[in-house]
Amino acid sequence: MPSLSDSALATAAARALETGTGLAEPDVLAVLRLPDEELPAALELAHQVRMRWCGPEVEVEGIVSVKTGGCPEDCHFCSQSGLFTSPVRAVWLDIPALVEAARQTAATGATEFCIVAAVRGPDARLMAQLRDGVAAIRAEVDINIAASLGMLTRAQVDELVALGIHRYNHNLETARSFFPQVVTTHTWDERFDTLRMVRDSGMEVCCGGILGLGESLEQRAEFAVQLAALAPDEVPLNFLNPRPGTPLGEAALVDPRDALRAIAAFRLALPRTILRYAGGREITLGDLGTRDGLLGGINAVIVGNYLTTLGRSPADDLALLDDLKMPVKALSATL
Amino acid sequence: MTGPGSRDLGRLHPLEGAQASKIAAFCDRCGGDLTAADLTAADLTGADPHSACRSARALEPPRFCPYCRRRMKVQVLPAGWRAVCTEHGERSS
Ligand code: SF4
Ligand SMILES: [Zn+2]
Ligand SMILES: [Zn+2]
């Protein structure tokens, strides 16, 4: 008689690998619950799904914070909330530094540069900074420009489209049922409203979240299928890096095996999506785990530093991709 | 370069910082004291109150000025960081 895990992976193979359709919630949960012995097989299947439906290329992205800290929201994992005793101070990046950040990103071979602001949503000052920043980057650096500026109005969506922002990031962060435990100053549905407008505008949708906020495995599965229902072009997967002074500052790291199970499960829920390693991978998975994830469903990375923390060296990531014979997606392939 | 650089006092042993001509009296990650009294107490108990801070700093920029404990304005760029104390000026990776 096949074991439960055999049948979980057989179901996953029949659906995700053969048809490119994401798993249903109970099947995602079954993958998240696989015993450690089955983890290599789950990662292998997720890798096959990624290779079949996305191909071997890896999309490389750099990010920078144009406005750091002082955010009025209370996302419990975030060092940039102005409501906690985090040591992160509010600061704006000027245009020359923004262009320098884009140049540093392009120098790694990255095709994506995402401009991020710690805000509930953009005000006139931020939109003006973005307009000037985008124009200055375009004049000097050849790279796709994405943005992550919080919740948007319809007029702001239209303005971003007019600016040529090709992808918008807005993370749902966690399962809808768990969100109120993590954020009280706005709702999951408010976030979803922005995502719906972004999708309808024709911009690419980038939407992911953070694992390790205290959610259950059931809620992790719920989150994966909620993301799948949105059908985002990209899903960035963060793992909690507990930040001093935040409500989750003393929380435990995600166990690396659970992190890898989640990578496989999210790939099987989202067979055709760009699944990106984002914050917390270094501290959660280390070098070996980073490699395992790239062989287990991940097909995109943020290289270099994050918004308020540092990442491992881009050279190490690029050498790893080279070693794995995974070509970096070229700019021409994205236009 | 993404790691802390040579100007990164947070990676020095606290005593080295404390004995430098410009005295680094505070941990640049948590803002806690690096005074001789504290370190003596730490030596007696065998505990270094800032060892976790020092290892965390491999993947974090400094947040507090090591000379005056002010929170610094810190900007993280894809290939480095810059930190400014209103009193003691700028450090970068
Ligand atoms: S996650 Fe974004 S919205 Fe939430 S507190 Fe941080 S910067 Fe603000
Ligand atoms: Zn300290
Ligand atoms: Zn100072």
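The four donor atoms around the zinc ion (ligand 2) make angles of 100 to 126° with one another, which makes the site tetrahedral. Keep in mind as we go that this is a predicted model. The donors here are Cys27(B), Cys30(B) and Cys53(B), each through SG, plus His50(B) through ND1, at 2.2 to 2.4 Å from the metal. Read along the sequence, they follow the spacing C-x2-C-x19-H-x2-C. Cys27(B) sits in the loop between α1 (14-19) and α2 (36-45) of chain B, while Cys53(B) belongs to helix α3 (residues 51-56) of chain B, so the pair ties together parts that are 26 residues apart in sequence. Both Cys27(B) and Cys53(B) are buried.

Chain B has another zinc ion to look at, ligand 3. Its protein donors are the SG atoms of Cys65(B), Cys68(B) and Cys85(B) and the ND1 atom of His88(B), lying 2.2 to 2.3 Å from the ion. This site is tetrahedral too, with angles of 103 to 116° among the four donor atoms. The spacing of its donor residues is C-x2-C-x16-C-x2-H. Is Cys65(B) buried or exposed? It counts as buried, because its relative accessibility is 2%, under the 20% cut-off. Cys68(B), at 23%, counts as partly exposed.

Stay in chain B for Arg69(B), which has a positive phi of about 70° although it is not a glycine. You'll find Arg69(B) in the loop between α3 and β1 (73-77) of chain B, and it is partly exposed, with a relative accessible area of 37%. Its side chain has a partner: Asp33(B) forms a salt bridge with Arg69(B), with the closest N and O atoms 3.1 Å apart. That pair links distant parts of the chain, since Asp33(B) is in the loop between α1 and α2 of chain B and Arg69(B) in the loop between α3 and β1, 36 residues apart. Asp33(B) is partly exposed as well, at a relative accessible area of 30%.

Now hop across to chain A. The contact between the chains takes 20 residues from chain B and 28 residues from chain A. About 2,100 Å² is buried between them, and carbon and sulfur atoms give 57% of that area. How many salt bridges cross the interface of chain B and chain A? The rule finds one. Arg243(A) forms a salt bridge with Glu60(B), and their closest N and O atoms are 2.7 Å apart.

Just after the helix, Gly164(A) takes a positive phi of about 85°.

Further along, Glu173(A) also has a positive phi, about 75°, although it is not a glycine. Glu173(A) lies in the loop between β5 and α7 (179-182) of chain A and is buried, with a relative accessible area of 7%.

Back to salt bridges: over all chains, the count comes to 32. One of them joins Glu140(A) and Arg103(A), with the closest N and O atoms 2.4 Å apart. Glu140(A) is in helix α5 of chain A and Arg103(A) in helix α4 (residues 95-107), so the pair ties together parts that are 37 residues apart in sequence. Glu140(A) counts as exposed at 53% relative accessibility, whereas Arg103(A), at 36%, counts as partly exposed.

Glu234(A) and Arg167(A) form another salt bridge, with the closest N and O atoms 2.6 Å apart. Glu234(A) lies in strand β8 (residues 234-239) of chain A and Arg167(A) in strand β5, so this pair ties together parts that are 67 residues apart in sequence. Both residues, Glu234(A) and Arg167(A), are buried. They also belong to one network of salt bridges with shared partners, alongside Glu59(A), Glu61(A), Glu112(A), Glu204(A), Arg276(A) and Lys329(A).

How values were computed
Residues are numbered from 1 along each chain as its sequence is written. Chains are lettered from A and ligands numbered from 1 in the order in which they are written. This is a predicted model: local features need pLDDT of at least 70, side-chain atom pairs count only at pLDDT 80 or more; totals for chains, interfaces and linings use all residues. Side-chain values use heavy atoms; hydrogens and water are left out. Donors are N, O and S atoms within 2.8 Å of the metal (3.2 Å for Na, K and Ca); water is not among the atoms, so sites may look incomplete. Four donors count as tetrahedral if all angles lie between 85 and 135 degrees; four count as square planar and six as octahedral if opposite donors are over 155 degrees apart and all others between 65 and 115; anything else is irregular. Helices (H or I, at least four residues) and strands (E, at least two) are DSSP runs, numbered from the N terminus. Buried means under 20% relative accessible area, exposed over 50%, partly exposed in between (1.4 Å probe, protein chains only). Contact means heavy atoms within 4.5 Å. Buried area is the accessible area (1.4 Å probe) that two parts lose on being put together, summed over both. A salt bridge is a side-chain nitrogen of Lys or Arg within 4 Å of a carboxyl oxygen of Asp or Glu.
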